[in-house]
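Open the model in your viewer and have the selection tool ready.

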Amino acid sequence: MCAVFGFLDYKGKTSNAVLKKLIHYLSVSAEVRGTDATGIAYVRGGSMVTYKKPKPAHKVKLFFPRDTRAVIGHTRFTTQGSEKRNCNNHPFEGHCGKESFALAHNGVLYNDRELRREQHLPPTPIETDSYIAVQLLEQEQNLDAENIKRMAELVEGSFVFTILRNDNTLFLVKGNNPLTLYHFPALGLYVYASTKSILDNALKKVNLNGKHCEVDISEGEILEIISAGNLSRSTFTMQDYIHSLFNPYNWDYAKWWMGDEREELLLEYCGTFGISEEEVQLLLEVGYDPDEIEELLMDTVAMEEAISEVKTLLQCEA
């Protein structure tokens with residue numbers, strides 16, 4: 001359970017100060033899905049720049065130059081490859097011929113070892129399953145929708161990929177993990193995050209003038225947004241990966257997904273949202289699941305109401 005977030009500012013109307021504030025609040029809001037590492041990537045002078053640290057977002061200062069037009073970001077919950085080795089953290093850089101790119105992934109890929117053998121990919125010190133996507137893309141000379149389609153149809157698992165090319169073209173690849181994209185037409189700005197709650201929570205704290213609309217993106221779609229703001233769509237077919245849950249190699253992840261470590265993660269970062277561990281534990285004890293609590297953390301009023309109702313209920317039972 002990681003998170004992706006970012007923007008594409010195709011008109012250049014939004015100030016650098018506002019965009020930095022936007023990325024800051026997006027990353028902090030995205031801590032709800034991972035606190036092990038935080039990173040961003042952007043284009044400077046036609047070259048990719050990545051900055052990442054094995055720290056939660058609220059402890060990382062995310063900087064990018066004044067003329068930056070697009071940023072992709074990631075907060076990580078570690079499932080494979082220690083976050084203490086920074087090379088394992090997102091975003092990852094890659095090259096297709098003369099083109100360079102950065103990639104961030106939310107999800108878990110189960111067949112990275114098999115693909116490395118089958119595709120005769122070179123060994124790498126990066127242990128993260130996500131990096132197989134970079135290596136598959138690097139087999140071709142161009143980073144385009146057709147190359148991304150090939151990659152997305154080879155990997156097995158759960159995913160959303162965000163890919164930034166060194167001409168500020170943004171690709172959003174929607175597998176079966178969540179992704180929400182907003183468009184501010186008057187500003188010439190696209191903003192995205194893994195969940196609507198992360199996006200809305202961040203936007204409440206940033207002064208973006210102008211109405212926005214949500215852009216539909218379905219499972220099996222690739223959205224390509226060029227630096228001028230034009231958006232085009234293509235599709236791919238996802239692999240069937242259900243059997244992977246029965247592979248012993250993935251049992252640790254399955255156990256996490258079933259609950260224990262997700263609850264521990266909630267207890268770890270709830271203080272960032274002004275909620276105590278005791279209050280989260282209270283909600284868990286009366287039957288709230290981690291997904292419900294995650295949504296409540298993004299809505300202060302709803303969280304306060306839920307805690308009040310639970311306390312009142314327990315007092316009545318006493």
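Select N168 in the hairpin of β7 and β8: four residues lie between the two strands, and N168 takes a positive phi near 65° there. This is a predicted model, in which local features need pLDDT of at least 70, side-chain atom pairs count only at pLDDT 80 or more, and totals for chains, interfaces and linings use all residues. Residues are numbered from 1 along each chain as its sequence is written, and side-chain values use heavy atoms, with hydrogens and water left out.

The loop that holds N168 runs between β7 (157–165) and β8 (170–174). Strands here are DSSP runs of E, at least two residues, numbered from the N terminus.

Is N168 buried or exposed? N168 is buried, at a relative accessible area of 14%; buried means under 20% and exposed over 50%, with partly exposed in between (1.4 Å probe, protein chains only). Now show its contacts (heavy atoms within 4.5 Å). Leaving aside neighbours within four places in sequence, they are L8, V43, R69, A70, I225, I226 and S227.

Next, select β7, where nine of nine residues are buried. In a regular strand the side chains alternate between the two faces of the sheet. On one side of β7 are G157, F159, F161, I163 and R165, and on the other S158, V160, T162 and L164, all buried.

β7 pairs with β8 in the antiparallel sense over five bridges, and F161 has V173 in β8 as its bridge partner. Strand β6 (residues 99–109) also pairs with β7 in the antiparallel sense, over nine bridges. Look for L109 opposite G157 of β7.

Terms used
Pairing = 2+ DSSP bridges.
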